[in-house]
Amino acid sequence: MTQAQMEDRETNRRISKAIQLDIEKRKVMNKPIAVYDKDSGEVYALHNDGKREVMGKVERKRYSERKKNLN
């Protein structure tokens, strides 16, 4: 294993840990957590009481296809 691969793994581990800590912090502070549902393509806010508030929907299209709809 090269030094660059080891550094990448360490960076990925630290990022994952930082995300876990941020999620725990938001739960303690009673703030919603943004969650993406791959199956439905929806982005929603998950509150501590279990309530889901839909914030938007992601379109799984190519940029050129989305751009045609904007014009």
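How much accessible surface does the protein have, and what percentage of it belongs to carbon and sulfur atoms? The accessible surface comes to about 6600 Å², and 50% of it belongs to carbon and sulfur atoms; such areas come from the Shrake-Rupley method with a 1.4 Å probe, and for residues only the protein chains shown count as cover. The structure is a predicted model, in which local features need pLDDT of at least 70 and side-chain atom pairs count only at pLDDT 80 or more, while totals for chains, interfaces and linings use all residues. Residues are numbered from 1 along each chain as its sequence is written, and side-chain values use heavy atoms, with hydrogens and water left out.

Turning to the overall architecture, the protein contains two helices and three strands; helices (H or I, at least four residues) and strands (E, at least two) are DSSP runs, numbered from the N terminus. Along the sequence these elements follow the pattern α-β-β-β-α. The radius of gyration is 18 Å, well over the 11 Å that the globule rule gives for 71 residues, so the protein is more spread out than a compact globule. Here the radius is taken over C-alpha atoms, and the globule rule is 2.2 Å times the number of residues to the power 0.38. Along the principal axes, the C-alpha atoms fill a box of roughly 50 × 40 × 20 Å.

Of the 71 residues, 6% are buried (buried means under 20% relative accessible area, exposed over 50%, and partly exposed in between, with a 1.4 Å probe and protein chains only). Among contacts (heavy atoms within 4.5 Å) with a separation of 6 or more, 2% are accounted for by residues 24 or more positions apart. The charged side chains number 18 positive and 12 negative, and the centres of the two sets lie 3 Å apart. In this count Lys and Arg are positive and Asp and Glu negative, with His and the chain ends not counted; each charge is placed at NZ of Lys, CZ of Arg, CG of Asp or CD of Glu.

Helix α1 covers residues 3-28, and its 26 residues should span 38 Å at 1.5 Å a residue, which agrees with the 38 Å between its end C-alpha atoms. The expected span is 1.5 Å times one less than the number of residues. In the loop between α1 and β1 (33-37) sits N30, a residue other than glycine with a positive phi near 55°. N30 is exposed, at 60% relative accessibility. Its C-alpha atom is separated by 18 Å from that of A18, 12 residues apart along the chain.

Beyond its neighbours within four places in sequence, N48 is in contact with K27, N30 and K31. N48 and R26 lie 22 residues apart in sequence, with 9.2 Å from C-alpha to C-alpha.

Within strand β1, Y36 is partly exposed, with a relative accessible area of 32%. Leaving out residues up to four places away in sequence, Y36 touches G41, E42, V43, V58 and R60. The C-alpha atoms of Y36 and V58 are separated by 9.0 Å, the two residues being 22 apart along the chain.
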